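Have a look at the fold before reading on.

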Amino acid sequence: SILAAALPLLALLAKADNYAVLIAGSSGYSNYRHQADVCHAYQILVRNGVSADNIITFSYDDVANSRDNPFPGKLFNKPTEEGTPGVDVYEGCKIDYSGRDVTPDNFLAALKGDSSKASGKVLKSGAEDRVFINFADHGAPGLIAFPHSELHADDLIDALKYMNENKMYSELVFYLEACESGSMFEDKLPEDIKIYATTAANAHESSWGTYCPPSSKVDGKNLNTCLGDLYSVNWMEDADLANTTESLDDQFQKVKTETSKSHVMEYGELDFDSQKADSFWGKVAAPAIRYSKVDPSIKTASAVDSRDVGLTTFYSQYLNSDPRDLKNRRRLAEKLVAEIQFRQWSDELFSKIAAKVMMSNNGMLSDALYGHRKPVSFQCHKAAIKQYKSVCGELTDYSLKHVRVLVNLCEITKDTESVTNGIKEVCQA
């Protein structure tokens, strides 16, 4: 009978489920936006019927209760007018990996479902399930950043291939917010493993924060930092409209148009971009979220290059501090001055490293400093970054912009030892 023939299909559909992994890869109050982005994404998933048990959330979780937060215990992803309370995305946002547990190793283990290597929850998805991954943080050519380390593109792609080989999804969607985020997938993500990825930027440009000072007020209080990221806010505010007819491609085209400060890109298997977008963050047709009216042009007008959000935050905090509280004002002034000095030191340091390495290699110094070589020689990249952190210091949100120089040096010279020796000589001088 027709019913008998339909039963296997119905059983299949009943078994299919939604899973998600959400990652805010940064720490510190100036990176408020990443933790707000991820908790906003969490709210969208839960509101659309995804079980909290099926969501794995990574967040350093040091912002909501930071001394700098004028709304203790709350996070907002959008400003409001005075007299209008904001939508707190932190309330009910269940964080599985926080603090020092927000690492590439835990993230990769969670993706692979490897509980022997993870310190917390791991994916338990199967061949019929849909998986959604959303990452928000800083990046550089061929890497995305975590609070104290980095994840390189080759290792991420290997994990995604592992998930495919081990039948951990029927279809997977990956939304990636980071500078140079296109470099994680460009010429790397296979087009035949049922993964569709979009990125906030192409392989050689910054992504942008939004709702930045002075447009960072909620109910009359200035948070003095960017409340969201332009690409992330655009896809999530679109998801909040609860348009159940919108396809992944519809959303991509809309977000691409609205994210005018960078080039939003798509990679992987484009054949299923006609699938309904909201089917990747749940099965329930959730009601639309009614935010307070904010002029849409503010998103672009208030946007700040991700590399400059730290400086923007410290400047806004100092500018808007109580002039009578001299002790706190001095603390904020010292933070601002230190950031400017570090930026200058960082600019000069990487210029010296490039000059040192190119002295003993054929090639143009300008190519090393300003070129955009595709990241391929990952063994060299990893060795160079390890050497830099060993003898020069930690990579920061700002100095990550210069990782491009190290990548260029690796790709131009094809000589790991030459690059690592150059770094050592400059930083130990």
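Is F107 buried or exposed? F107 is buried, because its relative accessibility is 0%; buried means under 20% relative accessible area, exposed over 50% and partly exposed in between, with a 1.4 Å probe and protein chains only. Bear in mind that the model is predicted, so local features need pLDDT of at least 70, side-chain atom pairs count only at pLDDT 80 or more, and totals for chains, interfaces and linings use all residues. Residues are numbered from 1 along each chain as its sequence is written, and side-chain values use heavy atoms, leaving out hydrogens and water.

Now for the rings. The structure holds 14 aromatic pairs, where rings of Phe, Tyr and Trp (its six-membered ring) pair if their centres lie within 6.5 Å; planes under 30 degrees apart count as stacked, over 60 as edge-to-face and the rest as tilted. F58 and F107 are edge-to-face because their planes stand at 90°, with the ring centres 6.1 Å apart. F58 sits in strand β2 and F107 in helix α3, 49 residues apart; helices (H or I, at least four residues) and strands (E, at least two) are DSSP runs, numbered from the N terminus. F58 is also buried, at 0% relative accessible area. Ring pairs join F58, Y97, F107, F135 and F146 into a cluster.

The strands pair in the antiparallel sense over four bridges, pairing being called when DSSP finds at least two bridges.
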